[in-house]
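Please look through the structure below with its charged side chains in mind. The text after it goes from the overall form of one chain to single residues and their partners.

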Amino acid sequence: METKLRALPRRNVRSVPKVNSSWKKVLHNYELYLFLLPTLIYFIVFHYVPMYGVLIAFQDYMPTLGVSGSPWVGFEHFERFFNSFQFWTLLENTLELSVLQLLFGFPLPIMVALLLNQLRNQRYKKFVQTVIYAPHFISVVVLVGMVYVFFSPNGLINNFLMIFGAEPVHFMSQAGWFKPLYISSGLWQETGWAAIIYLAALAGVSPEVHEAAIMDGASKWQRILHVDIPAILPTAMILLVLSVGNLMNIGFEKAYLMQTPLNVSAGEIIPTYVYKVGLQGAQYSFAAAVGLFNAVINFILLWAVNRAAKKLSGSGLW
Amino acid sequence: MTQYVMNRSKLWSRKSKEDKIFDLINLLFLTTLSLVVLYPLYFIIIASISNPDSVYNGDVWFWPQGITFEGYERIFQDNRIWTGYKNTVLYTVVGTLVNVTLTLMAAYALSRKDLVGRNFFMILFVFTMFFSGGLIPTYLVVKNLGMVDTMWALIIPKAVAVWNLIVARTFFQSTIPDELLESAKMDGCSNTKFFLKIVLPLSKPIIAVMVLFYAVTHWNSFFDALIYLNNEDKYPLQLILRSILIQNEASASMVGDVESFAAQQRIADLIKYGVIIVAAIPLLVLYPFIQKYFVKGALIGSIKG
C-alpha cells in the first residue's frame with residue numbers, strides 16, 4: 001500500500017528504477033558505511049568466522065590443514081561425549097546451577113524493587129540503592145577470593161559459627177557446598193543491580209493510579225499486588241525469556257575459580273569442561289563438539305520459551 | 001494549587017494500621033539487606049589493617065584490632081602487583097578507546113533512518129547475542145591471527161559489545177532530531193562533520209556511560225588473559241589476584257621471611273584482605289561520583305531499548 005502510493009508520483013516524474021535510487025542513497029551516505037565498516041569486519045571475523053569454525057566439531061581438526069582441509073568424521077565426537085562417564089554429571093551440574101540461579105535470581109530483584117519503591121524517605125532509599133548496587137562492580141576474581149577468605153576454616157563465617165559452639169566447616173572442600181555458595185554469592189553481587197530495571201518500570205506508574213487506589217482504601221500491600229506488579233509484568237516477562245535463553249551459559253569464570261580438587265565433582269559444568277579438554281588438553285574438535293551441544297540446547301530453549309511467552313502474553317523477543 | 005498539593009501529600013501520608021506494620025517490616029528488611037551487602041566489604045577493610053592473629057582467632061568484628069600496615073607493606077614490595085596494575089591500566093585505556101570509538105561510530109550510523117540496510121546489519125549483530133561459535137573456534141581465530149600472547153588478544157576480540165551498541169543507538173535515535181541533520185545538510189555539512197561537530201558534543205552522557213561500562217569490563221576481565229596470555233610480564237591485575245587470592249601463592253614471594261608455617265598462613269591471609277582493597281581502590285574512590293552514570297546507562301538500555 002505504502003509503496004504503491006510512493007511509487008506513483010515518482011513514475012510520473014521520471015522512471016528511476018528502485019535499485020538505482022537506493023544505491024544513490026548508499027553513495028550519498030558513504031561516510032556512514034565507513035563508520036560501520038570496522039564494526040562489521042569485527043563481527044564477521046570474531047563472531048561469524050567462529051560460527052563457520054564450528055564445523056571442526058565434525059572433523060578431526062589439524063591446525064596445519066585448517067577447517068577446509070581437515071578430514072570429516074561426522075558425529076564421532078558427539079557420540080564420544082554422550083557416551084563418556086562425565087556426560088550426565090556435566091549436564092546435571094550445568095542445568096542444576098542455572099535453574100537454581102534462575103529460581104532465586106529472578107524473583108529477588110523484583111521483590112527488592114517493589115519494597116524499595118514503597119520507601120517514602122527518599123534519602124534512605126538512595127542510600128540503600130547505592131549500597132546494593134556496589135557489589136556489581138567487583139570482579140569475579142575478587143568475589144571468589146572473598147568467598148575463599150570468608151569461608152575458610154578460620155574465616156569470618158566459621159568464626160561466627162564457633163561462637164555457637166559449632167565445629168568449623170571446610171566449605172570450599174565439600175562438594176555439597178559448591179552450589180549454595182555459587183548461588184548465594186551471585187545473589188549478593190547482582191540482586192541490587194538487577195532491581196534497577198524494575199525500579200525504572202515502577203517509576204513509570206502514574207501517581208494518580210496509586211492515589212485512586214488510596215482513595216478506595218487500598219493498603220500498601222494491596223497496591224503492590226494490584227498496581228505495581230501488573231505494571232512491571234511485561235518487563236519481567238522479557239527478562240525471564242532472556243534469562244531462560246541463557247540458561248546453559250552460566251559463568252565459566254566463577255565456576256572455574258570456585259573449583260577446588262575436592263569440590264570439582266559438583267562444580268564441573270560444560271563450559272569449564274570445554275576449556276579443560278579443549279585448551280588445556282588441545283582436543284580442539286572434541287571440545288568444539290561439546291560447546292556446540294551446549295549452544296544448540298541453549299538456542300532451542302530460547303526459541304521454545306519465546307514461543308511460549310508469545311502465546312501466553314502476546315509479547316516475546318521476536 | 002497549594003491546596004491541591006497539600007491534599008496530595010496528606011493523601012499519601014494517610015496510613016492504616018496495616019500500612020504501618022508493612023512499613024516497619026519493609027524498613028527492617030531493607031536495612032538487613034543493606035547490612036548483608038555492606039558488612040563483608042567493611043570487614044575486609046578492617047581485617048586488612050588488623051593484627052592477623054586477632055583476625056584468625058575471630059576477635060575482629062566491628063573495629064580493627066592491633067592496627068598494622070604490614071600487609072600493605074608486603075603487597076607494595078611485590079613486583080607482580082605493580083606489573084599487573086601497569087598492564088591493566090594499559091589494557092583498560094587502549095581497550096576502552098577502541099571500544100568507545102567503534103561503538104559510537106557504528107551506533108550513530110545504525111541510528112540513521114536513511115542508512116540502507118540498517119535492519120539487516122542490526123539483525124546480523126544482535127544474532128551473535130544468542131548464538132556463537134563457542135570458545136574453541138574463537139580461540140583458533142585469535143590464534144591464527146597471531147594475537148596470542150599479545151595485548152591485542154585482550155582488546156580486538158572484545159572490540160564491540162552488542163548490548164552497548166544497542167544502548168548507544170537508542171540514545172542517538174531519541175536525542176538527535178532529524179531536523180538538526182536536515183538543516184546541517186542544507187548548509188552543506190558532510191556526515192563526518194555532522195557526527196564530529198554536532199552529534200558528539202550533544203552525546204556527552206552516552207559517551208560517559210560507554211567509557212564507564214567498557215572500562216569496568218576491561219579492569220575486571222580475567223578470562224581472556226587466562227586463555228590468551230602465557231608470558232607473566234603481560235599478566236593483568238586480575239590474574240595476579242587470582243594467584244594470590246585463590247591459588248594461595250602469596251607465600252613464595254611475599255611471606256618468605258616469616259618462619260613458622262602457621263604464621264606464614266596468617267600473613268598470607270592478611271595480604272589477601274589488603275590485595276582485595278588495593279584492587280578495588282580505583283573504583284572504591286570513584287564509585288560515589290560515577291554511580292549515577294552507571295544507573296543512567298542501565299536505564300537507557302532497559303526502558304527504551
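A helix here is a DSSP run of H or I with at least four residues, and helices are numbered from the N terminus. The model is a predicted one. By that numbering, Asp224(B) sits in helix α13 of chain B, which covers residues 223-228.

Chain B as a whole contains 16 helices and zero strands. Its radius of gyration is 26 Å, whereas the globule rule gives 19 Å for 305 residues, so chain B is more spread out than a compact globule. The C-alpha trace of chain B spans about 80 × 70 × 35 Å along its principal axes. Of the 305 residues, 50% count as buried. Among contacts in chain B with a separation of 6 or more, 73% come from residues 24 or more positions apart.

Charge comes next. Chain B carries 26 positive and 21 negative side chains, and the centres of these two sets are 13 Å apart. One of the negative residues, Asp224(B), is buried because its relative accessible area of 13% is under the 20% cut-off. Leaving aside residues up to four places away in sequence, Asp224(B) touches Leu154(B), Lys158(B) and Leu229(B).

Over all chains, the count of salt bridges is 11. In one of them, Glu96(A) pairs with Lys179(A), and the closest N and O atoms are 3.4 Å apart. Glu96(A) belongs to helix α6 (residues 87-105) and Lys179(A) to helix α11 (residues 175-203) of chain A, so this pair ties together parts that are 83 residues apart in sequence. Glu96(A) is partly exposed at 32% relative accessibility, while Lys179(A) is buried at 12%.

In chain B, Arg266(B) and Asp53(B) form a salt bridge with an N to O distance of 3.0 Å. Arg266(B) lies in helix α16 (residues 261-303) and Asp53(B) in helix α3 (residues 52-57), so the pair ties together parts that are 213 residues apart in sequence. Arg266(B) is partly exposed, at 22% relative accessible area, and Asp53(B) is partly exposed too, at 34%.

Helix α16 of chain B also holds both Lys272(B) and Asp269(B), three residues apart, about one turn of the helix. The closest N and O atoms of their salt bridge are 3.9 Å apart. Lys272(B) is buried, with a relative accessible area of 8%, but Asp269(B) is partly exposed at 23%. Elsewhere, a network of salt bridges links Arg112(B), Asp114(B) and Lys185(B).

Conventions
Residues are numbered from 1 along each chain as its sequence is written. Chains are lettered from A and ligands numbered from 1 in the order in which they are written. Side-chain values use heavy atoms; hydrogens and water are left out. Helices (H or I, at least four residues) and strands (E, at least two) are DSSP runs, numbered from the N terminus. The radius of gyration is taken over C-alpha atoms; the globule rule is 2.2 Å times the number of residues to the power 0.38. Buried means under 20% relative accessible area, exposed over 50%, partly exposed in between (1.4 Å probe, protein chains only). Contact means heavy atoms within 4.5 Å. Lys and Arg count as positive and Asp and Glu as negative; His and the chain ends are not counted. The place of a charge is taken as NZ of Lys, CZ of Arg, CG of Asp or CD of Glu. A salt bridge is a side-chain nitrogen of Lys or Arg within 4 Å of a carboxyl oxygen of Asp or Glu.
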